[in-house]
Amino acid sequence: MAVYRLDTCGEMCPIPIVRTKVKLKELLPGDFLIVTSDHSCTSRSLAETVQKMGHRVEVREVAHGVWEVVIEKV
């Protein structure tokens, strides 16, 4: 199990989703990807997309206006 980070602050949809999908292809099952975003709508859209792909996901606000989408690749 490894943990990777992807900073998408300042980026608008669909760029964070595309970058996340590309990064997830590099990970092994059981690895975690933590995506940081400063757009709440991006965080929600990303979480929905990743769940539909079959991965586990959790969204948390880590600072005012900053979210982390924690993805466990399945």
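**Terms and values**

Modeller: Pro-14 is found in the loop between β1 and α1 (15–26), and a cis peptide bond with omega of about 10° joins Cys-13 and Pro-14. This is a predicted model, in which local features need pLDDT of at least 70 and side-chain atom pairs count only at pLDDT 80 or more, while totals for chains, interfaces and linings use all residues. Residues are numbered from 1 along each chain as its sequence is written, and side-chain values use heavy atoms, with hydrogens and water left out.

Colleague: What makes up the secondary structure of the protein, and in which order do the elements run from the N terminus?

Modeller: The protein has two helices and four strands, where helices (H or I, at least four residues) and strands (E, at least two) are DSSP runs, numbered from the N terminus. Their order is β-α-β-α-β-β.

Colleague: Why is the protein called as compact as a globular protein of that length?

Modeller: The radius of gyration is taken over C-alpha atoms, and the globule rule is 2.2 Å times the number of residues to the power 0.38. For 74 residues the rule gives 11 Å, and the radius of gyration of the protein is 11 Å, close to that value, so the protein is as compact as a globular protein of that length. Along the principal axes, the C-alpha atoms fill a box of roughly 30 × 20 × 20 Å.

Colleague: Why does Leu-6 count as buried?

Modeller: Buried means under 20% relative accessible area, exposed over 50%, and partly exposed in between (1.4 Å probe, protein chains only). Leu-6 has 9% relative accessibility and therefore counts as buried. The residue has its place in strand β1 (residues 3–7), and, leaving aside residues up to four places away in sequence, Leu-6 touches Arg-19, Thr-20, Leu-33, Ile-34, Val-35 and Thr-36, contact meaning heavy atoms within 4.5 Å.

Colleague: How do you know that Lys-73 has no salt bridge, and which side chain of opposite charge is nearest?

Modeller: A salt bridge is a side-chain nitrogen of Lys or Arg within 4 Å of a carboxyl oxygen of Asp or Glu; Lys and Arg count as positive and Asp and Glu as negative, whereas His and the chain ends are not counted. The nearest side chain of opposite charge to Lys-73, Asp-31, is 7.3 Å away, and Lys-73 is buried yet has no salt bridge. Lys-73 lies in the segment after β4 (66–72).
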